[in-house]
Amino acid sequence: MIIHLNLEKNSYDIIIERGCLKEAGKHLFLNRKVLIVTDDGVPAEYSRTLASFCAQPYIVTLPQGEKTKCFASYMELCEKMISFGFTRTDCVAAVGGGVIGDLAGFVAATYMRGVDFYNIPTTLLSQVDSSVGGKTAIDVGDVKNIVGAFKQPKKVLIDPDLLKTLPARHISNGLAESVKMALTCDKALFELIESGVTEENLEEIITKSITIKKNVVEQDEKESSLRRVLNFGHTVGHGIETAMELTLLHGECVALGMLPMCDTSVRERLVPVLKALSLPVTADFGIEDAINAIRHDKKLSGAEINVVYVGGIGSFEFRKLPLEAFENQLREVL
Ligand SMILES: NC(=O)c1ccc[n+]([C@@H]2O[C@H](COP(=O)([O-])OP(=O)(O)OC[C@H]3O[C@@H](n4cnc5c(N)ncnc54)[C@H](O)[C@@H]3O)[C@@H](O)[C@H]2O)c1
């Protein structure tokens with residue numbers, strides 16, 4: 001299946017197909033220098049498979065984990081590209097999850113003011129969400145995604161076979177982002193997930209999630225309005241992520257973050273779905289720490305906070321809530 005994301009000169013194809021990594025030579029232009037960025041938790045055979053199609057591959061394997069999304073890694077990759085003699089006609093390819101995609105994409109966005117970027121996502125979170133849409137970034141200290149750029153990839157290869165090696169916790173982590181998209185934009189997708197996630201329907205869940213993301217990004221590439229819907233659950237989620245000092249995964253924090261931002265009737269259906277996916281539904285941590293982190297979040301303006309609210313499954317509204325009401329809602333629900 002090929003999904004075309006239409007952004008005029010930044011348009012690209014997203015290929016969703018079991019085994020498509022093994023056909024990378026057919027899909028990508030690799031007759032040049034290719035910086036293949038991966039991490040030490042991703043099976044090495046994935047980057048080696050990609051390298052086998054490249055004229056001049058350079059594999060760089062970084063330590064796994066969010067802490068790799070930092071200036072030091074960014075510098076390391078840029079320095080490697082300089083020492084290997086990369087020019088503007090060469091390219092960068094990410095083979096990994098959201099961490100590697102965000103970091104490698106930012107390198108591609110900025111090296112010589114931009115070189116081609118291919119994304120080959122290997123986690124479910126990156127296959128349903130982060131590999132598409134062009135947001136790239138690194139963290140600075142505790143502040144997530146604070147330095148970055150919009151950089152659309154030239155192509156995205158989504159190979160669901162690569163998920164066979166992914167630990168179950170990371171499958172759940174990715175499904176949290178699919179639930180986010182379903183709750184806000186697609187009731188049928190929510191019902192599909194509610195009916196039970198299996199190996200058989202996982203590809204359909206990926207395709208439906210990416211289709212939602214494509215539709216949103218096509219209407220608002222740079223997040224000036226509609227794209228903010230994709231932040232559903234993230235204002236609270238990022239606060240929890242900071243308060244928990246990265247002991248909870250991104251999707252797990254988003255799962256918790258969605259709960260206070262929806263109507264009671266929605267929450268009644270959401271909680272069993274999250275439980276079935278082994279995602280958290282209550283916060284066994286100091287909620288005040290999360291609230292403090294949110295107060296420092298860039299989304300705050302004065303005494304009010306902008307949130308995405310789901311009043312009914314498959315729909316959303318942007319709301320501006322008084323800070324006090326927002327914080328009370330968090331204390332009550334979580
Ligand atoms: N750019 C965006 O639009 C966007 C959207 C959502 C999240 N994000 C970012 O994504 C990041 C989280 O991404 P993630 O959840 O993919 O985490 P991750 O990239 O850290 O990957 C999770 C773990 O899985 C391992 N792994 C990856 N692929 C594997 C495979 N196929 N088999 C076995 N192990 C594998 C990795 O080594 C890592 O330890 C966060 O930094 C978040 O901010 C970005």
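Predicted model: local features only at pLDDT ≥ 70, side-chain atom pairs only at ≥ 80, totals over all residues.
The chain divides into domain 1 (2–165) and domain 2 (168–333). Their centres, taken over C-alpha atoms, are 25 Å apart. Contact between the domains involves 22 residues of domain 1 and 26 residues of domain 2. On the side of domain 1 that touches domain 2, the elements giving two or more residues are S1, S2, H5 and S8. H5 supplies the largest share of that side, with five residues. By class, this side of domain 1 holds 13 nonpolar, five polar and four charged residues.

The ligand is surrounded by 30 residues. Gly41, Gly97, Gly98, Thr123 and Ser130 are the closest. Two or more shell residues come from each of helix H4 (98–110), helix H5 (124–130), strand S8 (143–150) and helix H6 (168–185). The shell comprises 16 polar, seven nonpolar and seven charged residues. Both domain 1 (2–165) and domain 2 (168–333) contribute to the shell, so the ligand lies between them.

The largest nonpolar core contains 98 residues. Within this core, the residues with the most contacts are Leu35, Val37, Val92, Ala93, Leu183, Ile240 and Met258. H4 gives the core its largest share, eight residues. Domain 1 (2–165) and domain 2 (168–333) both contribute residues to this core, so the core lies between them. In soluble globular proteins, nonpolar side chains tend to be buried together. Leu183 illustrates the contacts. Leaving out residues up to four places away in sequence, Leu183 touches Phe190, Phe232, Met258, Cys262, Val266, Leu270, Val310 and Ile313. One of these, Met258, is also among the core residues with the most contacts.

H6 has 18 residues. From first C-alpha to last, H6 reaches 26 Å, close to the 26 Å expected at 1.5 Å a residue. H6 is mostly covered, with 14 of its 18 residues buried. Helix H8 (residues 199–219) has 21 residues and reaches 32 Å between its first and last C-alpha, close to the 30 Å expected at 1.5 Å a residue. The buried residues of H8 are Ile205, Ile206, Lys208, Ser209, Ile210, Ile212, Lys213, Val216 and Val217. Their cover includes strand S1 (2–5), strand S2 (12–16), H5, strand S9 (155–158), H6 and helix H7 (187–194).

Gln219 also lies in helix H8. Gln219 counts as exposed because it has 10 C-beta neighbours inside 10 Å, and the cut-off for exposure is 12 or fewer. The C-alpha atoms of Gln219 and Asn6 are separated by 9.4 Å. Along the chain, these two residues are 213 residues apart.

Two residues other than glycine have positive phi values. Phi of Glu8 is near 50°. Glu8 sits in the loop between S1 and S2. With 6 other C-beta atoms within 10 Å, Glu8 is exposed. Phi of Met112 is near 50°. Met112 occupies the loop between H4 and strand S6 (116–121). Met112 is partly exposed, with 14 other C-beta atoms within 10 Å.

Terms used. Residues numbered from 1 in each chain as written. Near = placed C-beta within 6 Å. Helix = DSSP H or I, 4+ residues; strand = E, 2+ residues; numbered from the N terminus. Nonpolar A, V, L, I, M, F, W, Y, C, P; charged D, E, K, R; others polar. Domains from an automatic or database assignment. Expected span 1.5 Å × (residues − 1). Buried ≥ 20, exposed ≤ 12 C-beta atoms within 10 Å, placed from the backbone. Contact = placed C-beta atoms within 7 Å. Core = buried A, V, L, I, M, F, W, Y, C linked by C-beta atoms within 7 Å.
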